[in-house]
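Subject: Structure for your review

Dear colleague,

Please find below the structure that I am handing over to you.

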Amino acid sequence: MLKPQDSETRDARLLDGIWSFSAGPSPGARPWTAPLAGGRDAAVPASYNDLFTDDATRMHVGWVWYQREIRIPAGWAGQRIVVRVDAATHRGRVYLGDDLVAEHIGGYTPFEADITDLVEAGGTARLTIGVDNELTNETIPPGFLQEDENGAVHQKYRHDFFNYAGLARHVRLVATPKERVTDVTIVTEEASGSAATVSYRVDTAGGSAVRVAIVDEDGRDVAHGDGAAGTLQLSEPRLWNPGEGNLYDLRVELLADDGELVDVYRQPFGVRTVEVRGAEFLINGEPFYFRGFGKHEDSAVRGKGHDDALLVHDFALMEWSGANSFRTSHYPYAEEVLDYADKHGMVVIDETAAVGLNLGLGGGVHGQAGEPAFSPTMFNERTRDAHAQAIRELVARDKNHPSVVLWSIANEPEAVEPAARDYFEPLAALTRELDPTRPIAYVNELRASFHNDAIVDLFDVICLNRYYGWYVDNANLSAAETRLERELRGWEETHGKPIIIAEYGADTLAGLHSVHVQSWTEEYQAELLDMYHRVFDRVPAVVGEQVWNFADFQTSPGIIRVDGNKKGVFTRDRRPKRAAHLLRSRWATAPTRNAAP
Ligand code: E9O
């Protein structure tokens, strides 16, 4: 799905700001022709949970409603007009007046509602967006409802971050020509410093001919093509590389029968290749070593609300620490984040929201005692269909980002039971079919190791989340070191594929210090990371280290979390803990941006 943009033929307006908001009533309580009953002010974009002071809203389960007036610009007559919602977490319904104009399931990918026939240029309309945050065994991510002693219903889930919901990204009013470019796909077929071959495909609605040009960063046309698909040659291309966010635009022009220009769309892209060869991960044919973080979209007050200031600051901190990459744990991030990664040469592991597809931990790490454990049969065909749809929408949205070098289709799912293989085989095949150009992975958790992981052979890269020294061997780093090295060597010998440690870390209370080996102190976090690094440097198949987590983040309340997960190297308000300085001295001095430290 194309990101909205302004062009000679297109117009996109943000509908950000203060909307009227109400938690409930149910969809049956329309009409939406009237102002929201009991509506109060809410900011868009932002998760609604932490905007107010009442717990009823913060912990609300079910639908909420956002409403505002829109005015259609007078100059938009004859255009196709849509409302584009970048994300409605986890399900959205768009109404214009009382007409349902779009419904979408999946909380982190965009959708649009065509309102062309319902509005008039220069006129106004009442726009209402319903957002449902409920998670079930058939949603991605999954969850379940639990009734307490008093009959109150609570949303439970296995993933370790707060179920922030609402309109956390931009909403836009967009005009395009009716005959228009509907999709663009660009692939670097081959690239070297002296030449590159780039293939493209343009999908259209109407129009009769397509003309394309590659435009460089100085605005010069450096290659031309005709037709809806083809290949283009570039001589002396400026390759997109880690740390070098060189970008081009593919300017796509759609022409009518009489040769008149009806639509123009500029799709940014980078010229770069990605390949897994043996136990190496290659970008532009060069071995790449991932240094960076698992992140979250998370901050005080706005929850998962996208914020450009936070985006710029997070990247500044990542660059300060010497990171060259991050993972969009555990869901697709706002498109602005990937645009920024493209521009800054930051490498991205792009993940679906399939997190928490694990069996119950029997009241263990993230489950509360007494909660039902997920069983292998708990996830069914419909769960998998939702998961497949999440993969389709992720690839459709992000396929042209050069920063994205690896698809992660799930985090820490059940991976030992035979049912896991039946579940994942078609999903891995689907991901490859949708994008044959990028390697794929799933992110593994400790209980599936090199000898009993039943799905890892379906993937190209082994991504491991490991917590020796934390959940296992807490406060015993020498035992942890032995176990970690033994396990990594086991993976290396058994599978011969590149290994990325996609999570390692320790909960750390900023300001807590000790001269003793004491978990939760800043010293312990730094020593633990340092120990992992020694081991990584001894195991050649390790091609990446991404610390869990970039920053402290909010979780659901529970007995192992104190105001959230504290494994951040930065606090939630982005101040460095001691470990941040350790990473900076390891990473920022790496000989080249590509090399292992
Ligand atoms: C997923 C991430 O979202 N990985 C978790 C992170 C954590 O800090 C969480 O925030 O808890 C770790 C999974 C740990 C599994 C340990 C199993 C231990 C069995 C004895």
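The shell around the ligand is made up of six charged, four polar and four nonpolar residues. Please bear in mind that this is a predicted model. In total, 14 residues surround the ligand, and the closest are Asp160, Glu412, Tyr471, Glu503 and Lys567.

The side chain of aspartate 160 places an N or O atom 2.5 Å from an oxygen atom of the ligand. For tryptophan 548, the distance between a side-chain N or O atom and an oxygen atom of the ligand is 3.0 Å. Arginine 561 has a polar side-chain atom 3.1 Å from an oxygen atom of the ligand. As for accessible area, the ligand taken alone exposes 510 Å², of which the protein buries 86%.

I turn next to the cavities. Rolling a probe the size of a water molecule over the atoms shows where empty space is left. A search of the whole structure returned three cavities of 30 Å³ or more.

The volume of the largest cavity is about 190 Å³. Its lining comprises 18 residues, and those closest to the centre are Lys295, Glu297, Leu310, Asp314 and Val337. Which helix gives the most to this lining? The answer is helix H2, residues 308-321, which supplies five residues. Sorted by class, the lining of the largest cavity holds seven charged, seven nonpolar and four polar residues.

The second largest cavity has a volume of about 50 Å³. Among the residues that line the second largest cavity are Ser47, Thr89, Tyr108, Tyr164, Arg169, Glu297 and Lys304. By class, five residues of this lining are nonpolar, four are polar and three are charged.

- The peptide bond from valine 44 to proline 45 is cis, with omega near 0°. Proline 45 is located in the loop between S3 and strand S4 (46-47).
- The peptide bond from threonine 89 to histidine 90 is also cis, with omega near 10°. Histidine 90 sits in the loop between strand S6 (80-85) and S7.
- Tryptophan 520, a residue other than glycine, has a positive phi, near 85°. Tryptophan 520 is part of the loop between strand S31 (499-503) and helix H7 (522-538).

With kind regards

Methods:
Residues are numbered from 1 along each chain as its sequence is written. This is a predicted model: local features need pLDDT of at least 70, side-chain atom pairs count only at pLDDT 80 or more; totals for chains, interfaces and linings use all residues. Side-chain values use heavy atoms; hydrogens and water are left out. A residue is near a molecule or strand if one of its heavy atoms lies within 4 Å of it. A polar contact is a pair of N or O atoms within 3.5 Å; within protein, one must be able to donate a hydrogen and the other to accept it, and residues adjacent in sequence count only if both atoms are side-chain atoms. Accessible areas come from the Shrake-Rupley method with a 1.4 Å probe; for residues, only the protein chains shown count as cover. Ala, Val, Leu, Ile, Met, Phe, Trp, Tyr, Cys and Pro count as nonpolar, Asp, Glu, Lys and Arg as charged, and the others, Gly among them, as polar. On a 1 Å grid over the protein atoms alone, a cavity is a set of points where a 1.4 Å probe fits but cannot get out, and a pocket is an open set with protein on both sides within 12 Å along at least five of seven lines; lining residues have an atom within 4 Å of a point. Grid points are joined across faces, edges and corners, and a volume is the space filled by probe spheres set on the points. Helices (H or I, at least four residues) and strands (E, at least two) are DSSP runs, numbered from the N terminus.
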